[in-house]
Amino acid sequence: MAEATVDLLPVTRENWYHRDQRGSWSIKAVLPTIASELDCGALEVKDGGDAQGAWLEAANPACDPLRRNALEKALKVYCARDTWAMVAVARALIGSNLKP
């Protein structure tokens with residue numbers, strides 16, 4: 001699987017720029033210029049930092065089971081959205097009009 005993984009950063013830097021990125025090449029800066037509907041801003045888990053925190057909280061044995069369940073659902077929603085974000089960027093870079 002590792003051999004099939006491609007880092008989109010160098011590919012994006014070579015082939016894409018929008019002024020709204022304001023010099024940033026993070027996925028959070030590039031994504032709104034390609035597929036704004038995949039923004040994670042309205043989600044409970046909004047970014048990688050939130051995801052790490054949610055996982056640590058859920059992994060704590062003292063975490064209430066209802067809260068753990070809520071965190072699990074929020075992480076799954078974030079991870080799915082974040083994965084589709086990478087797919088959208090890759091498709092934009094190769095000129096595909098396919099939608100998730």
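User: Where is the place of Ala-85, and is Ala-85 buried or exposed?

Analyst: This is a predicted model. In it, Ala-85 sits in helix H4. Buried means under 20% relative accessible area. Ala-85 has 1% relative accessibility, so Ala-85 counts as buried.

User: Which residues is Ala-85 in contact with, leaving aside its neighbours within four places in sequence?

Analyst: Ala-85 is in contact with Ile-27, Leu-31 and Leu-38, once neighbours within four places in sequence are set aside. Ala-85 and Val-30 are 55 residues apart along the chain. Their C-alpha atoms are separated by 9.7 Å.

User: Let me step back to the fold. How many helices and strands are there in the protein?

Analyst: The protein has 4 helices and 0 strands. Along the sequence the pattern reads α-α-α-α. The C-alpha atoms fill a box of roughly 45 × 30 × 25 Å along the principal axes. Of the 100 residues, 24% count as buried. Take contacts between residues at least 6 apart in sequence: 50% of these join residues at least 24 apart.

User: How do I read the packing of two helices?

Analyst: Two packed helices are described by the angle between their axes and the distance between the axes. Start with H2 and H4. Their axes come within 10 Å and cross at roughly 65°. The crossing is left-handed. On the H2 side, the contact is made by Ile-27, Lys-28, Val-30, Leu-31 and Ile-34. On the H4 side, Tyr-78, Asp-82, Ala-85, Met-86, Ala-88, Val-89 and Ala-92 take part. By class, this contact of H2 with H4 has 10 nonpolar, no polar and 2 charged residues.

User: Which residues in H2 are buried, and what do the buried residues of H2 pack against?

Analyst: An α-helix has 3.6 residues a turn, so residues three or four places apart point the same way. In H2, the buried residues are Ala-29, Val-30, Leu-31 and Thr-33. The buried residues of H2 pack against helix H1 (8-15) and H4.

User: What lies 2.6 Å from a polar atom of the side chain of Thr-33?

Analyst: That is the backbone oxygen of Val-30. Now set aside the neighbours of Thr-33 within four places in sequence. Thr-33 is then in contact with Trp-16, His-18, Asp-20 and Gln-21.

User: Next, H1 and H4. At what angle do H1 and H4 pack, and how far apart are their axes?

Analyst: H1 and H4 pack at an angle of about 40°, with axes 11 Å apart. H1 and H4 are therefore oblique to each other. The crossing is left-handed. From H1, Leu-8, Val-11, Thr-12 and Asn-15 meet Met-86, Val-89, Ala-90 and Leu-93 in H4. By class, the residues of this contact divide into 6 nonpolar, 2 polar and no charged.

User: Take Asn-15. Is Asn-15 buried or exposed?

Analyst: Asn-15 has its place in helix H1. Exposed means over 50% relative accessible area. Asn-15 has 52% relative accessibility, so Asn-15 counts as exposed. A polar atom of the Asn-15 side chain lies 2.8 Å from the backbone oxygen of Val-11. Asn-15 and Leu-93 are 78 residues apart along the chain, and their C-alpha atoms are separated by 6.9 Å.

User: Last pair. How far apart are the axes of helix H3 and helix H4, and at what angle do H3 and H4 pack?

Analyst: Helix H3 (residues 48-59) and helix H4 (residues 65-94) pack with axes 9 Å apart, at an angle of about 150°. That angle makes H3 roughly antiparallel to H4. Their crossing is left-handed.

User: Which residues in H3 meet which residues in H4?

Analyst: H3 brings Gly-48, Ala-51, Ala-54, Trp-55, Glu-57 and Ala-58. These meet Arg-67, Arg-68, Leu-71, Leu-75 and Tyr-78 in H4. By class, the contact of H3 with H4 has 7 nonpolar, 1 polar and 3 charged residues.

How values were computed: Residues are numbered from 1 along each chain as its sequence is written. This is a predicted model: local features need pLDDT of at least 70, side-chain atom pairs count only at pLDDT 80 or more; totals for chains, interfaces and linings use all residues. Side-chain values use heavy atoms; hydrogens and water are left out. A polar contact is a pair of N or O atoms within 3.5 Å; within protein, one must be able to donate a hydrogen and the other to accept it, and residues adjacent in sequence count only if both atoms are side-chain atoms. Contact means heavy atoms within 4.5 Å. Axes are lines fitted to C-alpha atoms, for helices over the stretch in contact, and angles run from 0 to 180 degrees between N-to-C directions. Helices (H or I, at least four residues) and strands (E, at least two) are DSSP runs, numbered from the N terminus. Angles under 35 degrees count as roughly parallel, over 145 as roughly antiparallel, 65 to 115 as roughly perpendicular and the rest as oblique. A crossing is left-handed if the near helix is turned anticlockwise from the far one by less than a right angle, and right-handed if clockwise. Ala, Val, Leu, Ile, Met, Phe, Trp, Tyr, Cys and Pro count as nonpolar, Asp, Glu, Lys and Arg as charged, and the others, Gly among them, as polar. Buried means under 20% relative accessible area, exposed over 50%, partly exposed in between (1.4 Å probe, protein chains only).
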